[in-house]
Amino acid sequence: MNGIELRYFEPGPDNKGKNPIYSISALEESYFRSFGEIIACSLAQGGPAPDFMRNWCYTYLATGDFDRVVLTHEDVTDVETIELIEKVRIATDDELQSLTDNLLSCGYTGLIKTDRKDPIIRTITLNSLARVLPMLEQMRKGLQLYNLPDVMEQHMDLCRPLFVPLQDNKPDANFLMASCKPDLSEQGTSRHNLEQSILNYFQDFLQELEDDDAVPEHFAEIEDSDTEVVSDTYSSGCSAVVNWPGTQASTTK
């Protein structure tokens, strides 16, 4: 699941989910259909959820109806398109005229004036997001492996957290320590004291990570033949501790 997210989805500046990348080659190879099948199997077996998508992507996957999708310029994740939207937002009349070629390539055919900025930005947004619809449509076909789109449409709000990241879904020090259920030696023994010291050290270590929001140096420097996937998998703070064991298990096979 991490590989799909890191290689074929691009994040936005607001950390509210990712859009699929625009890749004709991936589309021709039916990669996105395979991704949908992988996601369906993972959810059916209680595996990791693809909770990294933008809300509009989830709505389209669930309904297959673009008319039901609510889009804003904040949903754009393509860097060049974000820069173009920002240029339009702050542009004067003369500066807008210099962007004529860019706006025409986005499909805008109206008047290019400052009082038309809203429809201009709307057109740029639609042009950027509509071109990744074939990727989402192919993924939706893959999800139909278990008739997942029907379930998603019937239970939109219930299934949303499986695809769209929540605001506070990162594990923190308290969550990790509460999840630990150590099987300690008999109380009063030297082994028990040693184990308790290790737990205390681990708790202090997690708290340090949470305060600094940094990637542990040991995790960041791990070498692997597939360095791109491994290095990108590490996130900051306590999340790195959660990701590391699973990543090591997969890379040592």
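The buried residues of H5 pack against helix H6 (93-97), helix H7 (100-105) and H8, where contact means heavy atoms within 4.5 Å and buried means under 20% relative accessible area, exposed over 50% (1.4 Å probe, protein chains only). This is a predicted model, in which local features need pLDDT of at least 70 and side-chain atom pairs count only at pLDDT 80 or more, while totals for chains, interfaces and linings use all residues. Residues are numbered from 1 along each chain as its sequence is written, and side-chain values use heavy atoms, with hydrogens and water left out.

Thr-81, Leu-84, Ile-85 and Val-88 are the buried residues of H5. They lie on the same side of H5 because they cover an arc of only 100° around the axis, the arc being that of the directions from the helix axis to the C-beta atoms. On the face turned away from this buried side, H5 carries the exposed residues Val-79 and Ile-90.

The model has 1 cavity of 30 Å³ or more; a cavity is a set of points on a 1 Å grid over the protein atoms alone where a 1.4 Å probe fits but cannot get out, and lining residues have an atom within 4 Å of a point. Among the residues that line the largest cavity are Glu-10, Tyr-22, Asp-78 and Arg-131. Strand E2 (18-20) and helix H8 (117-130) are the elements that give two or more residues to this lining, helices (H or I, at least four residues) and strands (E, at least two) being DSSP runs.

| Property of the largest cavity | Value |
|---|---|
| Volume | about 60 Å³ |
| Nonpolar lining residues | 4 residues |
| Polar lining residues | 3 residues |

Note on methods
On a 1 Å grid over the protein atoms alone, a cavity is a set of points where a 1.4 Å probe fits but cannot get out, and a pocket is an open set with protein on both sides within 12 Å along at least five of seven lines; lining residues have an atom within 4 Å of a point. Grid points are joined across faces, edges and corners, and a volume is the space filled by probe spheres set on the points. Ala, Val, Leu, Ile, Met, Phe, Trp, Tyr, Cys and Pro count as nonpolar, Asp, Glu, Lys and Arg as charged, and the others, Gly among them, as polar.
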